[in-house]
Amino acid sequence: MEKKKCPQCKNLILKTSPTCLYCGRPNKFITKEYVNKKWNKDNSKNVFDYIFINKYIVFFLILIFTIFIIKFS
């Protein structure tokens with residue numbers, strides 16, 4: 001990981017860190033777009049529906065598999 005000196009307190013911090021760990025000075029110019037891009041990644045997906053649909057698919061696959069085993073054994 002690459003490090004750089006904080007311009008305010010002169011301690012070494014990572015280039016990817018959003019703020020200095022020692023003095024709290026922002027490492028990057030934080031705007032509304034930066035915050036939205038950083039924290040609102042999964043807002044376009046409905047996670048509950050995705051999990052709910054996958055549970056039904058797994059249930060039906062297991063049901064079909066058991067019927068297939070019972071029928072052909």
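Figure 1. Cys9 is partly exposed, with a relative accessible area of 25%; buried means under 20% relative accessible area, exposed over 50%, and partly exposed in between (1.4 Å probe, protein chains only). The model is predicted, so local features need pLDDT of at least 70 and side-chain atom pairs count only at pLDDT 80 or more, while totals for chains, interfaces and linings use all residues. Residues are numbered from 1 along each chain as its sequence is written, and side-chain values use heavy atoms, with hydrogens and water left out. The cysteine sulfur closest to that of Cys9 belongs to Cys20, at 3.6 Å, which is too far for a bond. A disulfide is a covalent bond between the sulfur atoms of two cysteines; here the term is applied to a pair of cysteine sulfur atoms within 2.5 Å. The count by this rule is zero disulfides. Cys6 is likewise in no disulfide, the nearest cysteine sulfur being that of Cys23, 3.7 Å away. Cys6 is buried, at 2% relative accessible area.

Figure 2. Helices (H or I, at least four residues) and strands (E, at least two) are DSSP runs, numbered from the N terminus. Lys10 has a positive phi of about 65°, although Lys10 is not a glycine. Most residues other than glycine have a negative phi. With 52% relative accessibility, Lys10 counts as exposed.

**Figure 3. Close-up of the salt bridge between Lys15 and Glu2.** A search of the whole structure finds one salt bridge, defined as a side-chain nitrogen of Lys or Arg within 4 Å of a carboxyl oxygen of Asp or Glu. In the pair formed by Lys15 and Glu2, the closest N and O atoms are 3.2 Å apart. The pair links distant parts of the chain, 13 residues apart: Lys15 is in the loop between strand E2 (12–14) and helix H1 (32–39), and Glu2 is in the segment before strand E1 (3–5). Lys15 is partly exposed, with a relative accessible area of 44%, whereas Glu2 counts as exposed at 55% relative accessibility.

**Figure 4. Close-up of the aromatic cluster of Tyr56, Phe59 and Phe60.** Three aromatic pairs are found in a search of the whole structure. The ring centres of Tyr56 and Phe60 are 6.3 Å apart and the ring planes lie at 25°, so this pair is stacked. Rings of Phe, Tyr and Trp (its six-membered ring) pair if their centres lie within 6.5 Å; planes under 30 degrees apart count as stacked, over 60 as edge-to-face and the rest as tilted. Tyr56 and Phe60 both lie in helix H2, four residues apart, which is about one turn of the helix. Tyr56 is partly exposed at 43% relative accessibility, and Phe60 is partly exposed at 45%.

**Figure 5. Close-up of a nonpolar surface patch that includes Ile64.** Tyr56, Phe59, Phe60, Leu63, Ile64 and Ile67 make this patch of about 610 Å². Patches are made of residues with over 30% relative accessible area and no salt bridge; like charges are joined within 9 Å and nonpolar side chains (Val, Leu, Ile, Met, Phe, Trp, Tyr) within 5 Å. Ile64 sits in helix H2 (residues 47–72). Ile64 is exposed, with a relative accessible area of 55%.

**Figure 6. The protein chain as the setting for the close-ups.** The protein chain has two helices and two strands, in the order β-β-α-α from the N terminus on. Of its 73 residues, 8% count as buried. The accessible surface of the protein chain is about 7000 Å², with 65% belonging to carbon and sulfur atoms; accessible areas come from the Shrake-Rupley method with a 1.4 Å probe, and for residues only the protein chains shown count as cover.
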